[in-house]
Amino acid sequence: MNEIELLNWARGPGLAYATIIMVFGLTLRVFEILSLGRAEELAEVRGSGVSDGWKMIFKRSLPEPRHWKLITASYIFHVGLLVIIFFFIPHTQFFRDVFGVFWSGWPNYVIDFFTVLSIAAMMYTLVSRFVDPTRRILSKMSDYFAWVVTFLPLVTGYMAFHRLGMDYTTMLAVHILSVELLMISLPISKLTHAITFTMARYYTGSSNGRRGIQS
Amino acid sequence: MSTSFEQGINTLKQVIDAPIAAYFSSCTNCGLCSRACIFYTETENPKYTPIRRVEPMRRIWEQEFTLVGKAKKALGLSKEVTEQDLKDCVELAFESCTTCGRCSMVCPVGNDIVYMIRRMREGLTAAGLAPKSLQDAAVRTMEKGSVMGFPMKTLEAMVKAAEKETGIEINIDKPDVDYLLLLSSAEVMQFNEIIASLAQIFKEAGVSWTFSSIAHEAGNPGMHMGASEIEAQMINRIVQAAEELNIKNVISPECGHAYMAIRWEGPNVIGRPYPFKVYHIIEVLDKLREQGKLKTTGCELERITFHDPCQAARRGGVNQPQRNLLNMVSSNFIEMKDSQACNWCCGGGGGVNTIEKAEPLMKKVFNRKRNQIEELDVTTVVTMCATCRNTLEEGIENNNMNVQVLGLTELVANHLLKEKKS
Amino acid sequence: MSDNRQQLAGELQRHGISRRTFLKFCTSMASAMALTPAAAAEMAEKLVKIKRQSVIWLSFQECTGCTESITRADKPSLESLIFDFISLDYHHTLQAASGDAAELAREQAMHDNAGKYILVVDGSIPLKDGGVYSTIAGMTNLDMLKQVAKGAAAIVAIGSCAAFGGLPKASPNPTGAVSVSDIIHDKPIINIPGCPPIPVVMTGVLAHVLTFGIPELDDMGRPKAFYGDTIHDRCYRRPFYDRGEFAKSFDDDGARKGWCLYELGCKGPTTHNACATVKWNNGTSFPIQSGHGCLGCSEPDFWDAGGFYKAISTGIGKPGQWATGALAAGAAAGLASAYLNKVTKSKAEKDHQEVTLEDMGGKHE
């Protein structure tokens with residue numbers, strides 16, 4: 001297979017398989033969670049908890065200042081990923097093609113900035129998994145796997161855009177394949193949290209709201 | 001014997017619900033929960049990281065309730081939970097956790113970790129692994145009528161003494177009154193001045209109340225063990241008393257876990273809503289204050305601070321009433337730097353102070369509370385839970401601190417403006 | 001017949017091609033391939049001394065666009081001088097003979113120059129149904145290619161069809177079209193892709209083959225001199241790409257200002273060719289300069305690369321449809337898993353034994 005065939009496969013069948021697995025898998029996961037149900041609250045509640053649930057989805061994003069280094073690094077790469085994925089101009093073309101919705105991208109130097117910061121932040125979070133005693137005892141293969149599949153698109157995307165590493169066609173194919181690997185990993189790893197964190201926050205927020213407790 | 005390893009696994013399957021599934025799906029092993037747990041911060045031992053306390057339950061969730069997990073198990077990529085796993089979990093779920101709930105506040109993805117730990121305990125107890133001290137306490141509570149094992153006669157004697165001291169008649173088993181009062185064992189055995197205090201406060205406020213001879217104990221070892229069925233037995237006793245005496249308001253006393261048990265868990269474990277309301281005693285006093293029925297005189301001039309009991313305040317929702325009352329009787333009330341829902345656990349709750357093995361650890365984690373008190377330069381700490389009171393007093397003594405501990409009801413009673421002649 | 005050829009010098013003179021023109025040809029070819037000035041002189045020296053090289057040109061499933069490009073019959077160009085240096089012994093469009101006589105000429109040239117002639121191929125080779133979809137003189141392209149390739153010194157696959165399969169290979173490839181290198185594996189093959197290739201690229205490579213032998217090729221058999229860079233590497237609109245200034249439609253402000261055509265589907269970044277430097281029509285212009293994105297015509301499968309007007313960053317096909325199907329399938333699987341979960345729960349419920357005080361060492365109530 002030559003490099004253009006690899007690129008066309010990545011943009012064609014590869015993307016199809018990855019999309020199918022990701023959407024299928026995430027839908028399945030959500031159904032599996034909901035299927036376990038939640039017992040009715042029989043105590044006299046202080047509030048219905050519904051609005052507290054929804055509010056919690058956003059409120060819990062306010063960082064706790066105590067552990068600023070890890071939280072800063074984590075926010076940098078989460079925000080960075082969102083910015084890069086949705087506002088890099090070639091990516092806006094992709095989303096326009098898929099969703100039919102178009103929004104303006106941001107200048108390349110802004111995306112570059114976020115990419116470099118995100119790569120640095122991710123390296124910090126990886127090292128802390130070895131250095132921080134809590135993270136060291138918690139970290140398993142699945143955590144490192146999740147890190148790798150998140151890191152690869154960042155690095156390969158940067159390399160492709162800046163014409164580093166292999167020739168552009170191959171580098172672009174590798175980048176797209178790394179994104180497809182990430183897509184496939186979403187439903188089968190802790191990366192599911194990208195979707196289910198809203199559910200977790202809602203449940204906690206609503207039970208807190210029912211009891212009138214601060215969260 | 002119906003408890004067994006198989007029952008333990010079975011129970012864990014029963015307690016896993018949609019919230020728990022969402023929590024396990026979302027945990028990224030970030031490790032931030034450990035920073036909120038005194039058992040980690042004061043020992044720097046990462047084995048106490050909160051989310052680790054529920055690892056066996058996580059494996060069961062993954063292997064039993066997700067297709068991916070089932071596949072992993074079939075491929076040998078995921079190990080089944082063993083009896084040893086459950087045994088190893090006892091130290092983490094009982095001996096080094098007060099279920100204070102601080103972990104649930106800091107989890108970035110919103111996991112209610114203490115909710116999960118409570119259910120992990122359910123499985124461990126069904127496996128026959130509940131700490132002996134809690135098992136014994138449960139037996140005493142149901143057979144003798146109180147957690148510490150004293151009979152009703154003991155309480156009757158306390159009541160008589162209080163009647164003599166105050167000159168106020170105190171009811172037992174009186175129907176159709178405003179409030180049914182429960183007490184925790186610690187209050188009866190160690191802080192029984194509360195009986196006289198309440199008699200006076202209620203007299204001035206003009207409210208009627210009674211004890212029940214079949215249900216005077218507020219403490220609930222069933223909840224500590226996570227044995228919902230036994231917890232229900234204890235709750236049902238109280239419900240029976242309230243229903244028989246036709247009382248519409250039940251008071252949970254100065255005890256943290258009692259409030260959690262009767263106010264929040266109770267109806268859910270007995271399977272029906274109550275025909276009455278439940279209040280923490282401090283909520284009742286604050287309501288009386290609001291209605292102008294609680295008048296005080298004089299003010300504490302010394303620097304005073306407040307320790308929020310985890311189950312009543314952070315997890316129970318009683319945060320403001322104690323502050324209203326304190327501001328009434330103190331002109332120098334200073335909040336701890338981390339206060340209200342962010343306050344730190346004293347280290348004694350959740351059954352930990354009954355487990356002998358946990359004593360050295362309890363001593364160690366008290367450092368957090370000690371630091372909180374010392375940085376304020378106060379000589380009085382007020383609280384509204386008897387277990388916290390005991391733990392605080394013990395810790396203060398161990399650390400040679402010059403601090404006294406007061407119960408809030410007692411403090412308010414000391415400043416009570418007595419208008420009615422006894 | 002083979003020794004009738006005189007040295008080229010004489011022939012050129014007789015055709016009225018001055019030495020000056022001849023030298024201009026050599027210089028232009030050499031500089032197009034970034035060879036040194038010395039190479040131009042060497043090329044001139046060698047070309048006049050050679051006997052005219054036998055070239056057999058087979059045209060298979062093609063549109064004759066490659067021949068059009070190289071000849072520009074209405075305006076003889078410097079490039080077409082190459083025909084004065086070779087003996088084009090077989091070419092469907094340019095030869096005088098036809099029918100059996102043409103085939104005979106081919107066979108004669110093959111015999112006389114066995115092992116030494118250059119085989120040029122344009123057009124793809126259909127394989128389906130025994131290769132019947134393209135035949136010459138009753139012989140399938142496949143058979144003819146195999147037969148003629150046997151005695152060739154080297155093969156030049158001109159145009160994207162011969163090099164990679166080209167348009168006939170586009171999905172669903174009804175004729176089973178393949179490239180020359182899919183069939184011949186035992187001869188050196190030079191691929192000169194493009195739809196069509198640029199004239200000077202074709203003649204430059206031929207000139208190099210005649211004088212210096214086979215040029216340096218990349219991993220797809222393309223001469224690095226002409227296919228080493230991508231259009232993007234040499235595009236004059238790069239500053240706009242770098243600044244993120246893109247035309248969004250063919251007649252908007254950006255288009256008029258000559259901004260980058262990435263969003264309008266330009267495949268420049270993944271297309272290897274010399275269009276951006278050498279350009280077309282004697283250096284007049286090239287697609288991007290005229291305001292249209294590069295089609296990527298010198299790359300394999302350019303017809304199936306997702307659409308000429310969709311950016312490279314888009315998917316090929318309709319991802320939205322797959323996602324909808326996957327959502328439905330996921331929901332179905334979710335319901336199945338939900339059912340299994342309920343079964344597990346019911347069983348656990350059934351197997352549950354109440355924890356009693358007896359278990360704690362107390363009296364049974």
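A: Angles under 35 degrees count as roughly parallel and those over 145 degrees as roughly antiparallel, and the model to which this is applied is a predicted one.

Q: Why are α1(A) and α8(A) called roughly parallel to each other?

A: Helix α1 (residues 3-34) of chain A and helix α8 (residues 168-185) of chain A pack at an angle of about 10 degrees, with 9 Å between their axes. Since angles under 35 degrees count as roughly parallel, α1(A) and α8(A) are therefore described as roughly parallel to each other.

Q: What makes up the contact of α1(A) with α8(A), by class of residue?

A: Among the residues that make this contact are A:L7, A:L15 and A:M22 of α1(A), together with A:L172, A:I176 and A:M183 of α8(A). By class, the contact divides into 14 nonpolar, 4 polar and 3 charged residues.

Q: How many residues do chain A and chain B bring to their contact, and which helix of chain A gives the most to its side?

A: Chain A contributes 43 residues and chain B contributes 48. On the side of chain A that touches chain B, α9(A) gives the most, with 10 residues, and that side divides into 17 nonpolar, 12 polar and 14 charged residues.

Q: What makes up the side of domain 1 of chain C that touches domain 2 of chain C?

A: Chain C is divided into domain 1 (2-227) and domain 2 (229-321), and 17 residues of domain 1 are in contact with 12 residues of domain 2. The side of domain 1 that touches domain 2 has 11 nonpolar, 5 polar and 1 charged residues.

How values were computed. Residues numbered from 1 in each chain as written. Chains lettered and ligands numbered in written order. Predicted model: local features only at pLDDT ≥ 70, side-chain atom pairs only at ≥ 80, totals over all residues. Domains from an automatic or database assignment. Contact = placed C-beta atoms within 7 Å. Nonpolar A, V, L, I, M, F, W, Y, C, P; charged D, E, K, R; others polar. Axes fitted to C-alpha atoms, helices over the stretch in contact; angles between N-to-C directions. Helix = DSSP H or I, 4+ residues; strand = E, 2+ residues; numbered from the N terminus. Parallel < 35°, antiparallel > 145°, perpendicular 65-115°, else oblique.
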